[in-house]
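Subject: The structure, and some notes on it

Hi there,

Here is the structure I promised to pass on. Please open it next to this message, and we can go through the notes together.

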Amino acid sequence: MDYGKDILNHLIDMYERRGAFDKDVSSLRAIQIEVKKVYPVYEDRYNHDSYKDINVAIEKLCAEGFTVAEKNSAGQYSKVRLSIASVAECYRKLKRASIPEQCENAKKRLAEFQNSESQIVQAIIKDWYHCLEEYKKLPYDLKYDGKRASEIIRILQAVSKLNNETYIRNFSTALFKDSKRFQKEFRSTVEAILFDYTDEVVEKDNILGFYNLYENPTYVIVKGNVVIQFDTSVIDVSEMSDGIALSSASIEKIRAVTVKANKVITVENLTTYHDSDEEDAVHIYLGGYHNYSKQILLEKIYADNKLRCYFHKGDLDVYGFLILENLKEKTGIPFAPLMMDIATIERFYKAGFYKELTATDVKVIEEKKNTKLAGYADVLQFMLDKNCKVEQESIKAVELMELKKL
C-alpha cells in the first residue's frame, strides 16, 4: 500500500465532508486522523515492516509540508493533521479534482442541455444547478459525477421524445450501440427521476411504460360485441369468448370499429377483464395508464361510436382514480367510473378484502382530493377514515365468499 497517498486521501475526504473548501480557514477545527484507528496494523508488534512504512510515509508528508505530526517518546505518531495551506498541492499530488472543480465540470456538462424542449429536463437542470452552486452532491447517488449526470440527462431527453411504443433494448442500442447498457447501468436511476418529476402520479414500476418505453410488445385486449374492420378483412370479436389481442401495428391499420353493445368499459386489471361477463358491453383491458397505442384505439372507437356509454373500472385506490382522470383528459372521452363508489369500497371493506394505505397513498390523496380528484372526494375520504384501499380483483373474491356462506 502507498501509505502516503492513502493518508492524504483520508485527510482530503475529511476536508470535503466538512465542506472546508467553502469556509473561512480560521474557523476550521483541525482536520486530522488517528493513526492507530485508520491503521490498526500500526500497533501490531509482529508487523514491524508496516509500522516502519507508515512512519516513513508520515515523515515524508511532513517534510513536503502536506501534514503536521509529532512523535512520542517511543517514536510513534498518534495523530496526523492536514496542513490547510497545502490543500491545493495535495489535490495535484493525488491527481484528484476538488469539489469546486467537479461542480464546475458538472455545470458545463449540464449547460449542453439548457435549451432542451423537455420540461422535465429543464426542471432537473434547474434543481441540479442549484445543488452545484452550493457545492452539494447531486441526488440519485450521482454525487459530483458530471459525466454520469449528462448521460442521465441525455437519456431523459430521449425518453421525453418517445411518441410511439418503444422497446428498451432497441432504445438502448440507439443511444449506446449496446442493447443491455440502459438496463444494467441507468434504468433504476431513470425510473426514480421520472417518478419524482412526472406531474401525473404513476407507480414507479409503471413509469417507463407511461413514457412509451417497454420491455416487450404490449397488446390491447378487447372482447364483446364489436366488429373491427381493416382494409381487406373484418373481425367479429363477439365470436371469440376471451376476445382478441391487438398489437400497436395492428391498431394503426384499423379503418373502422362498430360497437354493437350499449357500453364500452375499460378495465385496469387483467383478472378483472377476464372476470367481466356483462353481455351488453365491450371490455377493453388497459393495464394501468394507457399508452399511445391504446389511446389510438380508444379514439377510433369513440369517433365511430359516440352514442355509446363509456365507463372505466379501476382499483379503488388513489392511482385508480388518477388513471381514470388521465384517461378522460388524454382521450377526450367522457368515461364514468364503474364500481368505484362508496358502496363498492364499503362492501369490500366489510368483507375484509382490502389493504392498508401506505404513507405515499395518504400523501397523494391529501394532495389531490380537493383538486384533480375532487369528484371522488367521498370515496377518498372513506379510504382515509378506514385506512383502506381495494383492488378490483376483490370483486370475484367477495362473490365467492358470499356464495360459500350460502
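To get our bearings, in which loop does K143 lie? Before the reply, one caution: this is a predicted model. K143 sits in the loop that runs between α6 and α7.

**Two residues with positive phi**

K143 is not a glycine, and yet its phi is positive, at about 55°. Its relative accessibility is 42%, so K143 counts as partly exposed.

N212 is another residue to look at here: its phi is positive too, about 70°, although N212 is not a glycine either. You will find N212 in the loop between α10 and β5. Is N212 buried or exposed? With a relative accessible area of 9%, N212 falls under the 20% cut-off and is therefore buried.

**The largest pocket**

Next, the pockets. The largest pocket has a volume of about 600 Å³. Its lining is made up of 21 residues, and those nearest the centre are S160, T198, F210, Y211 and K330. Which of them gives the largest share? That is α14, with three residues. By residue type, the lining of the largest pocket has ten polar, seven nonpolar and four charged residues.

**The second largest pocket**

The second largest pocket holds about 360 Å³ of space. Around it are 23 lining residues, with N206, G209, Y214, T218 and G287 nearest its centre. The elements that supply two or more residues here are α10 (207-210), β5 (213-214) and β6 (219-223). The largest share of this lining comes from α10, which gives three residues. Sorted by type, the lining of the second largest pocket contains twelve nonpolar, seven polar and four charged residues.

**How α7 packs on α9**

A pair of packed helices is described by the angle between the two axes and by the distance between them. For α7 and α9 (residues 181-197), the axes come within 10 Å and cross at roughly 75°. Angles of 65 to 115 degrees count as roughly perpendicular, so α7 is roughly perpendicular to α9.

Which residues meet in this contact? From α7 come R148, E151, I152, I155, L156 and V159. On the α9 side they meet R181, F182, E185, F186, T189, V190, I193 and L194. Taken together, the residues of this contact are nine nonpolar, one polar and four charged.

What does A57 touch, apart from neighbours within four places in sequence? Its contacts are Y3 and G4. For a sense of scale, A57 and A174 are 117 residues apart in sequence, and their C-alpha atoms are 50 Å apart in space.

That is everything on my list. Do write back with any questions once you have had a look.

Best wishes

Technical notes
Residues are numbered from 1 along each chain as its sequence is written. This is a predicted model: local features need pLDDT of at least 70, side-chain atom pairs count only at pLDDT 80 or more; totals for chains, interfaces and linings use all residues. Side-chain values use heavy atoms; hydrogens and water are left out. On a 1 Å grid over the protein atoms alone, a cavity is a set of points where a 1.4 Å probe fits but cannot get out, and a pocket is an open set with protein on both sides within 12 Å along at least five of seven lines; lining residues have an atom within 4 Å of a point. Grid points are joined across faces, edges and corners, and a volume is the space filled by probe spheres set on the points. Helices (H or I, at least four residues) and strands (E, at least two) are DSSP runs, numbered from the N terminus. Ala, Val, Leu, Ile, Met, Phe, Trp, Tyr, Cys and Pro count as nonpolar, Asp, Glu, Lys and Arg as charged, and the others, Gly among them, as polar. Axes are lines fitted to C-alpha atoms, for helices over the stretch in contact, and angles run from 0 to 180 degrees between N-to-C directions. Angles under 35 degrees count as roughly parallel, over 145 as roughly antiparallel, 65 to 115 as roughly perpendicular and the rest as oblique. Contact means heavy atoms within 4.5 Å. Buried means under 20% relative accessible area, exposed over 50%, partly exposed in between (1.4 Å probe, protein chains only).
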